[in-house]
Amino acid sequence: MTASPGLGTAQTASPELLKSVFRRHAAGVAVITARGAGRPVGFTATSLNSVAAEPPLISFGIGTGSSSWPVVAESDHIGVHILGEHQRDLAATFARSGADRFGPATSWRTGPEGVPVLDGVLAWLVCRVVARVPAGDHRIVLAQAVAGDPAGAGRPLLYHQGRFNALRD
């Protein structure tokens, strides 16, 4: 291992190293939803990316061990919700294993293509899934936007150092 002036000592790549590095990466917070046979599913994601403008494509990662994966694996359409700084509790609910994500505390409605759409978000999209690409213990889902609304009010919620944070000027 080599040390450079002003830098720490390089570590061998490992899951722990990757997690430690990405704790320092501030990311926007989204909730992905899908219509399940009995009940909708959803999870908090910080891996959301814009992929292309034409056609309008997005991507996100989901662990194959996630309770939402079996529904997302079979869904034709998913919902993408950009959370505002006022939605820390919502982000935590959708991130917590075993939580009642669509219980009374969550305000939502059925949107285009039957996808659950969360109320009060900064923006949302309903997207048609076009691919699920294997990536280790995850799948990268590629989806094309078919409907949405960018008109929510507020500032974005961020995830940094293992916590939900507000954007500061």
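Student: First up, what share of the residues in the protein is buried?
Tutor: Of the 169 residues, 36% are buried, meaning under 20% relative accessible area with a 1.4 Å probe and protein chains only. This is a predicted model, where local features need pLDDT of at least 70, side-chain atom pairs count only at pLDDT 80 or more, and totals for chains, interfaces and linings use all residues. Residues are numbered from 1 along each chain as its sequence is written, and side-chain values use heavy atoms, with hydrogens and water left out.

Student: Which residues of helix 3 are buried?
Tutor: In helix 3 (residues 88-95) they are Leu 90, Ala 91, Thr 93 and Phe 94. Viewed down the helix axis, these buried residues fall within an arc of 160 degrees, so they line one face of helix 3; the arc is that of the directions from the axis to the C-beta atoms.

Student: And what do they pack against?
Tutor: Their partners are strand 2 (30-34), strand 3 (41-45), strand 8 (116-118), strand 11 (157-160) and strand 12 (163-166), with contact meaning heavy atoms within 4.5 Å.

Student: Switching topic: what about contacts across the whole protein?
Tutor: Among contacts with a separation of 6 or more, 60% join residues 24 or more positions apart.

Student: And the dimensions?
Tutor: Along its principal axes, the C-alpha trace spans about 55 × 35 × 35 Å.

Terms used:
Buried < 20%, exposed > 50% of the residue type's maximum accessible area, 1.4 Å probe, protein only. Helix = DSSP H or I, 4+ residues; strand = E, 2+ residues; numbered from the N terminus.
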